[in-house]
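The tour goes from one selection to the next.

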Amino acid sequence: MIVVLVLLASYWYIVLPIVLVALAGVKLPRLIRDIRKKRYFASEDFLERKAAINSVVDEHNEIAEYTSEIRSRGTFQLGLAATGAHAHLASFDNTSNHNYRRDRNVANYQAQNVHNCSLQVVRNASSDPLKYLMKYFNIKAVEANLSDVEHLGEEVARLEDAVDNLRQRETSITASFNPPAFILKHYADEFMEHVGIELSPISVPYPEYAFEYVSAGGNSSQRTTVTLNTETIDALVETLSQKIRFSQSAAGQRALMTAKLRQFIKTRDRHTCRYCSVSLAAEPHLLLEVDHVVPVSKGGMSTPENLQALCWRCNRTKSNKVAPV
Ligand SMILES: [Zn+2]
């Protein structure tokens, strides 16, 4: 030990540079990158581009605000499991002596989007999800439920479109700066902040319904989950309407509000807002929505004659006027 120390001391002029270089190897690249980053954000080029793109960034932030409005106003929920309807009136405790060993799988009897059932039902639900969804979550084939599902489909699609629109705008704004690769790799969020983009990590809250089996001892559990995304909602709309048509209802007299119909309306209106005439051709990132001329709440039908393409601004103004205060 002493020998090593003596050797190190006598050869300090060799050892010291090695230690310094080793330290520098770790810290220096980071330090240099940090300096380069600061210089980039303070550069004339960056600031000029930022000034030029000001209004584009403002519009992005407005749509971000609008997107959170859609999310907080919308009802992303349908039928509920009858099993949980009065669950809040009771309290549930597992008083088993073995509870401490068997807490791996505990059934949640409070959640109304979870149906606690037998293993057989869990398995059947995975092969015939719509049938079981309707049966156990009380979505009967009646006109009122059909409209609710169609409305849910509209809300989900509207939020999907808005979120998608934001992402496209962010990509396009970033591309217009053409920042050095190291900025995007190490300082992506900081870049957005410097540009002035308000990032809102909004996701679409797809309603989820689960069929769950938990064994009495809690040792095993199985679950089938049905996620109501656009595809599932459209299939549910079709199924409900077919059942209603069987019983000679009025549902067959109108078009179904599905992704296909929304696309049809946008194409028919040439991707142009019926109020202010702004078009996708003029504004590639235009957020266009499908609106009921006479709102559903006032008896408006989902017929092509009662549907129109509106830009998000006009639709926002219109729904603020129509919405009850
Ligand atoms: Zn418009």
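Which kind of contact do the side chains of Glu 62 and Arg 313 make? Select the two residues: their side chains meet in a salt bridge, with 3.1 Å from N to O. The pair links distant parts of the chain, since Glu 62 belongs to helix H4 (residues 54-73) and Arg 313 to helix H12 (residues 312-322), 251 residues apart. Glu 62 is partly exposed at 29% relative accessibility, and Arg 313 is also partly exposed, at 35%. Bear in mind throughout that this is a predicted model.

**The zinc site**

Next, select the zinc ion together with Cys 273, Cys 276, Cys 311 and Cys 314. The SG atoms of these four cysteines are the protein donors of the zinc ion, at 2.3 to 2.4 Å from it. Along the chain, the donors follow the spacing C-x2-C-x34-C-x2-C. What is the geometry of the site of the zinc ion? The site is tetrahedral, with angles of 102 to 116° among the four donor atoms. For comparison, the ideal angle for four tetrahedral donors is 109.5 degrees.

**The loop between H11 and E4**

Stay with the chain and select His 271, which lies in the loop between helix H11 (259-268) and strand E4 (288-292). Its phi is near 50°, a positive value in a residue other than glycine. Most residues other than glycine have a negative phi. His 271 is partly exposed, with a relative accessible area of 25%.

Move on to Ser 277, in the loop between H11 and E4. Ser 277 is not a glycine, yet its phi is positive, at about 65°. Is Ser 277 buried or exposed? Its relative accessible area is 52%, so Ser 277 counts as exposed.

**Arg 268 and Asp 269**

Select Arg 268 and Asp 269 and show their side chains. The two meet in a salt bridge, 3.0 Å from N to O. Arg 268 is partly exposed, with a relative accessible area of 29%, whereas Asp 269 is buried at 9%.

Go to Glu 212, which has its place in strand E2 (residues 208-214). Which residue forms a salt bridge with Glu 212? The partner is Arg 223, and the closest N and O atoms are 3.0 Å apart. This pair, too, links distant parts of the chain: Glu 212 is in strand E2 and Arg 223 in strand E3 (residues 221-227), 11 residues apart. The side chains of Glu 212 and Arg 223 are also listed as joined by a polar contact of 3.0 Å. Glu 212 is buried, with a relative accessible area of 12%, while Arg 223 is partly exposed at 45% relative accessibility.

**A salt-bridge network**

Then select Asp 34, Lys 37, Lys 38 and Glu 190, which are linked in a network of salt bridges. How many salt bridges are found in the whole structure? A search of the whole structure gives 15.

**Helix H7**

Select Ser 147, found in helix H7 (residues 143-177). Where does the side chain of Ser 147 reach? The side chain reaches the backbone oxygen of Glu 143, at 3.0 Å. Ser 147 is partly exposed, at 27% relative accessibility.

**A nonpolar surface patch**

For the last stop, switch to a surface view and select Tyr 11, Trp 12, Tyr 13, Ile 14, Leu 16, Ile 18 and Leu 20. Together these residues make a nonpolar surface patch of about 770 Å². One of them, Leu 20, lies in helix H2 (residues 12-42).

Methods:
Residues are numbered from 1 along each chain as its sequence is written. This is a predicted model: local features need pLDDT of at least 70, side-chain atom pairs count only at pLDDT 80 or more; totals for chains, interfaces and linings use all residues. Side-chain values use heavy atoms; hydrogens and water are left out. Patches are made of residues with over 30% relative accessible area and no salt bridge: like charges are joined within 9 Å, nonpolar side chains (Val, Leu, Ile, Met, Phe, Trp, Tyr) within 5 Å. Accessible areas come from the Shrake-Rupley method with a 1.4 Å probe; for residues, only the protein chains shown count as cover. A salt bridge is a side-chain nitrogen of Lys or Arg within 4 Å of a carboxyl oxygen of Asp or Glu. Helices (H or I, at least four residues) and strands (E, at least two) are DSSP runs, numbered from the N terminus. Donors are N, O and S atoms within 2.8 Å of the metal (3.2 Å for Na, K and Ca); water is not among the atoms, so sites may look incomplete. Four donors count as tetrahedral if all angles lie between 85 and 135 degrees; four count as square planar and six as octahedral if opposite donors are over 155 degrees apart and all others between 65 and 115; anything else is irregular. A polar contact is a pair of N or O atoms within 3.5 Å; within protein, one must be able to donate a hydrogen and the other to accept it, and residues adjacent in sequence count only if both atoms are side-chain atoms. Buried means under 20% relative accessible area, exposed over 50%, partly exposed in between (1.4 Å probe, protein chains only).
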